[in-house]
Every structure is written in structure tokens, then in C-alpha cells.
Amino acid sequence: MPNTKNYHTSQPDYETAIDRNVPDFPVAEVLDEDKYFQNHEPPSYLPEIEAQIDKFVDFHCQQTQKKVVLVTSGGTTVPLENNTVRFIDNFSAGTRGATSAEYFLENGYAVIFLHREFSLLPYSRHYSHTTNCFLDYMVEKDNKVEINPEFADSMLVVLRKYMAAQKANSLLLVPFTTVNQYLYTLRLASQLLQKAQSDALFYLAAAVSDFFLPSSRMPNHKIQAQPSGKLVVDLEQVPKFLRRLVDSWAPQAMIVSFKLETDSSILIKKSVQALNRYHHQLVIGNLLQTRKNEVVLVTPDEAQNWIRLDDTQKHQNVEIESLIIPAVIQEHENWVKNWTAKNK
Ligand code: PMT
């Protein structure tokens, strides 16, 4: 089935233009997260997504009994104008998320793939960024288009997996572009996933903006040249929603977050700090420079499980996600067992 969604998250909601009656987002108060939602409009297409997620979760809870993972992927943007020409972006091609989603599907999970619109997707990722154009995989023969025989065997493997996911209705694509769209959709999805109880897993690989421009201060139109010759942008800190996700949006689910650093000497410390701050179950630490070859799984008891590709695996182009996902699933199985024992 082709994707038939009626909206694009990369287009701003022009109707919900600047509202100067909305007060500024206050800095550091107790219920920062709630204030955020009071002071920022939900995306207009949210009801459409709500219906899709609800149906998907019901289908798997009632009919397939599959565990459901919400994979977040790609970077969020912070628009600087309501009719957005300029925005601040977060680094992430979506490779980690899209690749991980495929291994979750292979391991029997249903996947809600909350991704930056137009970033890498499961299955199509193999063909989107690896050559100049998807047409590079085609050849012309007898006035017809065919798959280049050089790629046909590997493409057949990917095609079969893709068709299997489609047939089983086990992959739901949900897009975001801005951090506001991401936060509203994450909250919505986590609340709908409560039905799956401890069978729900959150795998938060998205690179989420730390700072944003509140809607009360967002100019409606493209910012013009400034008399001073400088543009000064005054951003607020994005509230720490992870704590809210753990405590109240999805208290029965297992939550995995990522920690991206560039300095190896602080990676473990920052991962432990995240666990202490948010009280979730697992942090996957990775360094920007080596993220495709090694990661570390850190649990609340401060145990560190390094996963590394050896030279043979690197040579054979083994994807590190094929090792990460079974380790995460093992942790999730333990979580489900403990949760079931506690709630008997
Ligand atoms: O897509 P690739 O190019 O393959 O790159 C993958 C990656 C390096 C981006 C990925 O592996 C990774 O590390 N993602 C997390 C990046 C990061 O710095 O996250 P953060 O510090 O902004 O947030 C920490 C964690 O909390 C993340 O799991 C994030 O998804 C989650 N978070 C943070 C804030 C927020 N409001 N909501 C969140 O879900």
C-alpha cells in the first residue's frame, strides 16, 4: 500500500500564526512540561495520527500479541519564523533509527517509526543515500526498465522483508519535523501505548533539540536584515520530557534513551547521569566518531555492556544494530517478566 497520508510535517501551520496573547514560556518552574503544552498549539494533523496509532496498537494487542516498540529517529528542528524559511536543526541522518527498526521487525516486534520527515526509512534506506539516485539501480533492456542484475539479489532480500512487514501490518510510519510536533506526537503515542502495558518499548534514537523559540516570540514572517548587522536569537530550554514519559505518560513501558557525546572520557558519566535524572531502564551511549562500530549499554546498576564490531564483522559490513537490538530485547524480556511478577 502506498503511503496515503494527507499532510506534510515540513509545512508549517499557517493558520496558527503568532498569538501575542500567549505569555512567554517561563524559565525553570516545577511543571515546565505542562506549561509547555498549555502554551504551544498541537499540530493540526494530530487527530489523524491518533486514529492511525490507536488502530495499530489495538490490532497488535488484540490480534497478533506482538510487542510494540516506538522507535524515534532523525533530528528535530526549531523554526525561527512561523512561515518558516530559517530553522535550527539537530544532527541525525536517521540511520540508527531506520536500521534498528528493521531488526526489531525481524525479531517479531511491531514498530511505530516516529521519524523526521524525509530522513532515512526502514528498507528504503538501502537505496536512498547510497548512490546519486535510485535510478542508478535500474537498467534499460528491450525498451523496458529492469533492476540492474548487479543489485538484484540483495534487493530481493530487502524487498521480501519489506513486503512481509507490509503484509503483517507491523510497521507504522509517523513523521515529525519540528520539536513541537515531536513532543506532541511522542506524548500522544505514549498515552495510546499504555494499552500494551509492559509489552511497550520506547527506543529513543532521535536527536531532540535542547533549545527552542517559544511561539509567543516567533515572528510570523521571514526575519529581515537587522540594522545592527547581527541577528540575536534568544532561545528557551526545552523541558526535560523524558522524566514525564517515565513517570506518567508510559509508566509500564521499558524506556531506552541514547546519549551522544564526542568526548569519550565523559560518555559513561553522562549515561549514568541520564539514568539517575530520568529513572528509566537503559541508556545506549555512543560517540559521534565511532557510533557505527561501538556502543555501550548502561543500566541503573551502572553495569556497562560494550558492543563492538570486530574486524571481520566490519569487513563483512555487519550492521551494529543487528547486535544492539537482540541485547535490548533481552532487557525488555526481563522487564516484562519482572513487571508481570510484581503485578500478579
Ligand atoms: O541517525 P544517525 O545519523 O545514525 O545518528 C544516530 C544518533 C547519533 C543521533 C543516535 O544514535 C543518538 O545518539 N541519538 C540521541 C542523540 C542525543 O544527543 O540525544 P539528546 O541528548 O538530545 O537526548 C537524550 C535522549 O533523550 C535521546 O534518546 C533523545 O531521543 C531523548 N529525548 C531528549 C529530549 C526530549 N525532549 N525528548 C527525548 O526523547
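Predicted model: local features only at pLDDT ≥ 70, side-chain atom pairs only at ≥ 80, totals over all residues.

Residues are numbered from 1 along each chain as its sequence is written.

**The sheet.** I looked up the strand order and found an open sheet of 8 strands, E7-E4-E1-E8-E11-E12-E13-E14, with mixed pairing. Strands (E, at least two residues) and helices (H or I, at least four) are DSSP runs numbered from the N terminus, and two strands pair if DSSP finds at least two bridges between them. Strand E7 (171-176) and strand E14 (304-308) each have a single partner strand, so one side of each is left without a neighbour in the sheet. I then checked strand E1 (residues 68-73), which pairs with strand E8 (residues 200-204) in the parallel sense over 5 bridges; there, Val-71 has Tyr-203 of E8 as its bridge partner.

**The helix.** Which residues of H10 are buried? I found Glu-321, Ile-324, Ile-325, Val-328 and His-332 of H10 to be buried, where buried stands for 20 or more other C-beta atoms within 10 Å of a residue's own, exposed for 12 or fewer, and partly exposed for in between, with C-beta atoms placed from the backbone. They cover an arc of only 90° around the axis (taken from the directions from the helix axis to the C-beta atoms), which puts them on the same side of H10. On the other side of H10, I noted Gln-330, Glu-333, Lys-337, Asn-338 and Ala-341 as exposed.
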